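Hello,

Here is the structure I promised to pass on to you. Have a look at it first, and then read on for what turned up in it.

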Amino acid sequence: MPFQILLNFILAFVWMFLSVSFTAPSFIVGYLLGLLIILAMRRFFPDRFYLWRVVASISLLLLFLKELIKANVDVLKTVLKPKLDFQPGIFAYETNLKKDWEVTLLANLITLTPGTLVMDVSMDKKILYVHAIDLPDKDAVIDDIRNSFEKAIMEVSR
């Protein structure tokens, strides 16, 4: 992936030199032409086309922002109820992620979402121990994390 990004920048600069126009619009045109060239030659690269990872990263960011807003509303509803009838709980979340940075990113995304906190990660980095402010159904929360954050992280990394 870094090679493809570097190659795209080189192609953009080559376009600027060939067109003898050293402006931002010329660079952007060269960058877009470089994208098309790399896309056409993607089968010669060992990694997948890097723009898909960029799109997956933006998708992960938007997913986090959506979950952040949703969790803030849920915590606000829980706190503002006249009768505090929430059920806090701790559960073990077994992850399918392999790399250290993937597990760290998942733990941070869970912790940054209001109402949840990753308390510990097992030594083999397979199980995250999560505290939730309101845990009526443990399996639903586990499925929600697996189908949202973990799936989006896998799309970015693989």
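K125 is partly exposed, because its relative accessible area is 36% and partly exposed covers what lies between buried, under 20%, and exposed, over 50% (1.4 Å probe, protein chains only). You will find K125 in the loop between β2 (116-121) and β3. Its phi is near 60°, a positive value in a residue other than glycine. Most residues other than glycine have a negative phi.

V20 is another residue of this kind, with a positive phi near 50°. V20 sits in the loop between α1 (2-19) and α2 (24-40), and it counts as exposed because its relative accessibility is 62%.

Before going further, a word on where this comes from. This is a predicted model, in which local features need pLDDT of at least 70 and side-chain atom pairs count only at pLDDT 80 or more, while totals for chains, interfaces and linings use all residues. Residues are numbered from 1 along each chain as its sequence is written, and side-chain values use heavy atoms, with hydrogens and water left out.

Now the overall picture. The protein has five helices and three strands, arranged along the sequence as α-α-α-β-α-β-β-α. Helices (H or I, at least four residues) and strands (E, at least two) are DSSP runs, numbered from the N terminus. The radius of gyration is 22 Å, whereas a compact globule of 158 residues would have one near 15 Å; the value is taken over C-alpha atoms, and the globule rule is 2.2 Å times the number of residues to the power 0.38. Along the principal axes, the C-alpha atoms fill a box of roughly 70 × 35 × 20 Å. Of the 158 residues, 30% are buried.

F149 touches L60, L63, F64, E67, L106, L109, I110, T113 and D144, leaving aside residues up to four places away in sequence; contact means heavy atoms within 4.5 Å.

Y50 lies in helix α3 and counts as buried because its relative accessibility is 2%. Beyond residues up to four places away in sequence, Y50 touches M1, Q4, I5, N8, Y31 and L35. The C-alpha atoms of Y50 and F3 are separated by 9.3 Å, although the two are 47 residues apart along the chain.

W101 is partly exposed, because its relative accessibility is 41%. With residues up to four places away in sequence not counted, W101 touches V156 and S157.

Enjoy exploring it, and write back with any questions.

Best wishes
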